[in-house]
Amino acid sequence: MNVVAIIVAAGRGSRAGEGVPKQYREIGGKPVLARTLSAFLSHPRVGRVLCAIHPDDRARYDGVAAGLGGLAALLEPVTGGDTRQTSVHRAIETISDNSATICLVHDGARPFIGADVIERAIEACRLYGAAIPGTVVTDTTKRVDADGNVVETLDRTALRAIQTPQAFTLATLLSAHRAAAETGRYDFTDDGHLVEWAGSPVHVFEGDPLNTKVTHASDFVEAERRLGSGAGWVTRVATGFDVHAFAPGDHVWLGGLRIAHDVGVMAHSDGDVVLHALTDALLGTLGEGDIGTHFPPSDPQWKGAASDRFLAFAAEQVRAQGGRIDHLDVTVLCERPKVGPHRDAMRDRIAAIVGVPPRSVSIKATTTERLGFTGRSEGLAAQAAATVRLPE
Ligand code: CTP
Ligand code: MG
């Protein structure tokens, strides 16, 4: 699967005040655009990064690009246009790929983009073809008339504040941009709106409240504060542990995978010790009890339940508190089944459930040298550790 990140950075940053355009100003000793480009260049699922720049900024851009490395290729930049929309359009017209290529369109002025949101953008695009990140709106929101008088109060539960990266298949994005250009419309401020206008359904996935855009001069003060010494964040590490006994059967669930085996496990749910240990570890970072607190075994609705929903729930709880999941680490303890052949698939599956890149998930396994209940193959166990950052 091809993924191209298009970073639009051809604006003049007029609202941020005079001087160097905002995307070339430094925060935390590094230009805004360098931070943005690095996030995409270092993402394991992004193959190419293409930037749209203003013709006056060529030397500035070269200065930024010179210091960057990463896994993805940084393509020769394209010259942007007078509006954001034309900048995106010019960039995508240069991509001669098959129509299924995933284009991530991101503002150069959003330097706080995390690997987890990029991951979710790619996954959502695979599922929906057009997907944009949104965050819930916490303030009461009203529509007003030209004089500032309230017309109506909106139902904020149905509202989302939209960010970038916005993800589309190349075919969808290109045809929408061409259609808009043909009708002489150049005023769409985001691609989600444009694609929606062109008639394609657009899905909203979970964004990140920290993925803000630097727009005004005051945003630079806030950005510096955020980067300075990690202030405002606390790192929490917590562990989880789970055991299930073997029982007659022909498969076990492990790390969200169904693995054929000569026995099954005795459990109320699907008995996936890996996902259960991870769920407890994540809940532990929040001090929010354990899996049984939220999904009591006495409740018949969890009988035979697939454990991915428990883990997805725990990840949502972290995000609901404004947290970020930095890393998940698991050790499986059993003589059999062998975990090695399933390690990569397990990693990908857990990453998809939690919404983090696979490199943020580690799977290890050990036998217990024929000692104890795992050694006697009476059951299997997993222990997990989760590292998250939470707002202080
Ligand atoms: N952008 C672009 N081409 C344009 C206008 C905007 O590539 N003709 C990019 C900007 O560089 C920015 C992103 O689109 O990364 C979001 O736009 P915005 O925040 O409005 O940036 P500016 O247009 O530069 O700022 P301002 O509107 O304050 O002038
Ligand atoms: Mg603008």
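How far does a backbone N or O atom of Ala-9 lie from an oxygen atom of ligand 1? The distance is 3.4 Å, a polar contact in the sense of a pair of N or O atoms within 3.5 Å.

Before going on, note that this is a predicted model, where local features need pLDDT of at least 70, side-chain atom pairs count only at pLDDT 80 or more, and totals for chains, interfaces and linings use all residues. Residues are numbered from 1 along each chain as written, chains are lettered from A and ligands numbered from 1 in written order, and side-chain values use heavy atoms, without hydrogens and water.

| Residue and atom | Ligand 1 atom | Distance |
|---|---|---|
| Ala-9, backbone N or O | oxygen | 3.4 Å |
| Gly-13, backbone N or O | oxygen | 2.7 Å |
| Ser-87, side-chain N or O | nitrogen | 2.7 Å |

The protein covers 87% of the 560 Å² of accessible area that ligand 1 has on its own (Shrake-Rupley method, 1.4 Å probe). Around the ligand are 19 residues (a heavy atom within 4 Å), and Val-8 and Lys-213 are among the closest.

Now to the sheet. Its 5 strands form an open, mixed arrangement ordered S17-S14-S20-S18-S19 (DSSP runs of at least two residues, paired by at least two bridges). S17 (264-265) and S19 (361-366) are the edge strands. S14 (233-247) and S20 (379-391) pair antiparallel over 13 bridges, with Gly-240 partnered by Ala-384 in S20. Helix H10 (308-320; helices are H or I runs of at least four residues) touches S18 and S20, contact meaning heavy atoms within 4.5 Å.

Definitions and conventions:
Axes are lines fitted to C-alpha atoms, for helices over the stretch in contact, and angles run from 0 to 180 degrees between N-to-C directions. A polar contact is a pair of N or O atoms within 3.5 Å; within protein, one must be able to donate a hydrogen and the other to accept it, and residues adjacent in sequence count only if both atoms are side-chain atoms.
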